[in-house]
Structures are given as structure tokens and as C-alpha cells.
Amino acid sequence: MSVAVSMAATVRLAEARDLPSILAIERQSFSDPWTADAFESAFALQRMRMFVAEAGAAGGRGGAPVLAGYVVALLLGAEAEIADLAVAPSARRRGIGRLLLDRVVADLASRGVMEVFLEVRDSNSAARTLYETRGFETVGRRRGYYRHPVEDALILKRQTAPG
């Protein structure tokens, strides 16, 4: 099924100047958010890939684009892990998550990654639906993985190319 992005957005590599917006989205999205130090460490690692989605200004008034979401992936040879992905509450359900996910998977494939893994809260049906529509399949469970509240994580995997 193909669905058009319902909000004009572009994806680019994240830059240090994006950190305040990334942190704001992170805090709005997760009960146990990454810290500023964690993101700063990710920026410093060669094996990390970070992308942001920028969308038209709030209210559609043609101002400067605003950061609508981000994704962080860790390269591990022929495998990679999507470590974090979030979309600003005001930009959800408009194709931004799909845009970010497709971009990072394509980037990882271009770097020789064959399999991409991620964890998702068992109860996060919106995220699970997104991942399943982009080719991810459940391959395991981590009991009690998440805190605040404690919950299992499902381990999802997809191939970067048909095979």
C-alpha cells in the first residue's frame, strides 16, 4: 500500500544545531527519553547515522521549516539497529515516520547493511503498524525491556533488499 506524505517534508543528515528540537521531540515522545549527553555522544560516533525531517512552518504560513522528526541508527557491519525514531506530536500520522524510516534504511543499505533491527513497545500499535508496513517482522521479545512503565519490547527485523 502506498500513501502519500500529507505534509511537505525533506529529510537531511542531522546537525548539532538540531539538538534542541530533537530533545524536545524526544521528551514529548518517550517516558524514558534519551539525554542530551546521549545524543551528543551519538553525533560523535562514526558508526551512527542520524537524520531529521523538516516540514513547512507551523500553521502553514510559509516561514522557516520546523524539525518534525528524527531517526538514529547504529551500524554494526552487515547489520544495523534503529536506536531511536520519533515524530513531533503535531506532525504525526502524516507520513513523516515512514519518510524517515525509508531514508535511513536506504542509507544503511548503501553502506552494505543487509539486516536492520529495532525494538518497539509491545503496546505501541501505531509504531508497530508503521514498521510492519515497511517490511519489518517480529523475530523476538525482550521481557521487561522498557521502564516507566515496565513493558516488553518486540524485536523487529527486515532485510534491506529482497533476498
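Helix α1 runs over residues 19–29, and in this predicted model its buried residues are Leu19, Ile22, Leu23, Ile25 and Glu26. As a reminder, an α-helix has 3.6 residues a turn, so residues three or four places apart point the same way. On the other side of α1 we have Pro20, Arg27 and Gln28, which are exposed.

What covers the buried residues of α1? The cover includes helix α2, residues 36–44, and the strands β2, β3 and β4. In residue numbers, β3 is 66–76 and β4 is 79–87.

Is Glu54 buried or exposed? Its relative accessible area is 17%, and the cut-off for buried is under 20%, so Glu54 counts as buried. Its side chain makes a polar contact with the side chain of Arg12, at 3.0 Å. Setting aside neighbours within four places in sequence, Glu54 is in contact with Ala8, Ala9, Thr10, Arg12, Pro65, Val66 and Ala68.

Two residues from that list deserve a word, Thr10 and Arg12. Thr10 lies in strand β1, residues 9–13. At a relative accessible area of 47%, Thr10 is partly exposed. Not counting residues up to four places away in sequence, Thr10 touches Val52, Ala53 and Glu54. There is also a C-alpha separation to note: Thr10 and Leu67 are 57 residues apart along the chain, and their C-alpha atoms are separated by 9.8 Å.

Now Arg12. Its relative accessibility is 18%, so Arg12 also counts as buried. Besides the polar contact with Glu54, Arg12 forms a salt bridge with Asp18, where the closest N and O atoms are 2.7 Å apart. Asp18 is buried too, with a relative accessible area of 4%.

That brings me to the salt bridges in general. How many salt bridges does the count give? The count comes to 15. I will go through two others.

One is between Asp102 and Arg134, with the closest N and O atoms 2.7 Å apart. This pair links distant parts of the chain, 32 residues apart. Asp102 is in helix α3, residues 96–110, while Arg134 is in the loop between α4, residues 125–133, and β6, residues 137–146. Asp102 is partly exposed, at a relative accessible area of 30%.

The other is between the side chains of Arg141 and Asp122, at 3.0 Å from N to O.

Which residues does the network around Asp122 join? Salt bridges that share partners connect Asp122, Arg128, Arg141, Arg143 and Asp152 into one network.

Note on methods:
Residues numbered from 1 in each chain as written. Predicted model: local features only at pLDDT ≥ 70, side-chain atom pairs only at ≥ 80, totals over all residues. Heavy atoms only, no water. Helix = DSSP H or I, 4+ residues; strand = E, 2+ residues; numbered from the N terminus. Buried < 20%, exposed > 50% of the residue type's maximum accessible area, 1.4 Å probe, protein only. Contact = heavy atoms within 4.5 Å. Polar contact = N/O pair within 3.5 Å; in protein donor to acceptor, adjacent residues only side chain to side chain. Salt bridge = Lys/Arg side-chain N within 4 Å of Asp/Glu carboxyl O.
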